[in-house]
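Subject: Model handover

Hello,

Here is the structure for your files. My notes on what turned up follow below it.

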Amino acid sequence: MIKDFEAEKEMLMARNRSLAEFNLSKEPQLAKGKQCLQVLSETGATLCQRIENKVSLHKQQSSDTTAETTLALLQTAAAESEEESEAIAEKFLEGNLEIDSFLEQFTARRKLTHLRRVKADKMAEILTRQHNAPRQNSVSSPAQGHTHHAASSYIPLPPVTGSVPYPTTGMYMPIPGPYGPNVF
């Protein structure tokens, strides 16, 4: 039994020595990994500091600009791009521009014009809603956020049967023409 213990002790010591030698062989890799980690940590800290500086600069610059100013700039940009598209159309009508070039330039400019106009309209709607919100005393429902011109100019839609990708109940639509304000 004592021989078994001594044999087990020798085996454990040999295994421990083998494990220690293996660990020592990995020491250069560990030192290299520590050095790499230190470099990456310093790089990360530098990048974090740069991001914090840029965020504070952005906050400082954006605090100088109001939403109304941004809306005015967006509306101006939409008008400018519309004028540019009209100038492209004039060049084409005068014969100074090939059809392929005209189509490419004109469609790109009109797309930009429409995108800017939609964004400006949406922003104006949001700003109007924000300015009107403090005047409302009750909790607003989703329907209160929309501007209704006159109750008589809206009629409920008839129910739609079948599967459609849009809401079919509880919607009120404006009546164009002589029955209500022209919102188009």
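Of the 184 residues of the protein, 9% count as buried. Buried means under 20% relative accessible area, exposed means over 50%, and partly exposed lies in between (1.4 Å probe, protein chains only). The protein exposes about 15,600 Å², and carbon and sulfur atoms supply 60% of that area. Accessible areas come from the Shrake-Rupley method with a 1.4 Å probe; for residues, only the protein chains shown count as cover.

Some ground rules. This is a predicted model: local features need pLDDT of at least 70, side-chain atom pairs count only at pLDDT 80 or more, and totals for chains, interfaces and linings use all residues. Residues are numbered from 1 along each chain as its sequence is written, and side-chain values use heavy atoms, with hydrogens and water left out.

Confidence next. pLDDT is the predictor's confidence in each residue, from 0 to 100. Its mean over the protein is 80, and 72% of the residues reach 70 or more. Among the elements, helix 4 has the highest mean pLDDT (93) and strand 1 (residues 154-156) the lowest (47). Two stretches need care. Over residues 137-157 pLDDT stays under 50, and the model has 27 contacts there beyond four places in sequence. Contact means heavy atoms within 4.5 Å. Residues 179-184 are also below 50, with ten contacts beyond near neighbours in sequence. Where pLDDT is low, the predicted coordinates should not be read in detail.

Now the fold. The protein has four helices and two strands. From the N terminus, the order is α-α-α-α-β-β. Helices (H or I, at least four residues) and strands (E, at least two) are DSSP runs, numbered from the N terminus. Among contacts between residues at least 6 apart in sequence, 46% join residues at least 24 apart.

Helix 3 has 27 residues. From first C-alpha to last it reaches 39 Å, close to the 39 Å expected at 1.5 Å a residue. The expected span is 1.5 Å times one less than the number of residues. Leu 71, Ala 77, Ala 78, Ser 81, Ser 85, Ile 88 and Ala 89 are buried in helix 3. The buried residues of helix 3 pack against helix 4. After helix 3 comes Gly 95, with a positive phi near 85°.

The aromatics are worth a look. Rings of Phe, Tyr and Trp (its six-membered ring) pair if their centres lie within 6.5 Å; planes under 30 degrees apart count as stacked, over 60 as edge-to-face and the rest as tilted. That rule gives two aromatic pairs. Phe 92 and Phe 102 are stacked, because their ring centres lie 4.3 Å apart and their planes meet at 15°. Phe 92 sits in helix 3 (residues 67-93) and Phe 102 in helix 4 (residues 99-132), so this pair ties together parts ten residues apart in sequence. Phe 102 is buried at 11% relative accessible area, while Phe 92 is partly exposed at 28%. Phe 102 also stacks with Phe 106, at 5.1 Å centre to centre and 25° between the planes. Both lie in helix 4, four residues apart, about one turn of the helix. Phe 106 is partly exposed at 25%.

Last, the cysteines. The structure holds zero disulfides (a disulfide is a pair of cysteine sulfur atoms within 2.5 Å). Cys 36 is partly exposed at 44% relative accessible area, and Cys 48 is partly exposed at 40%.

Best wishes
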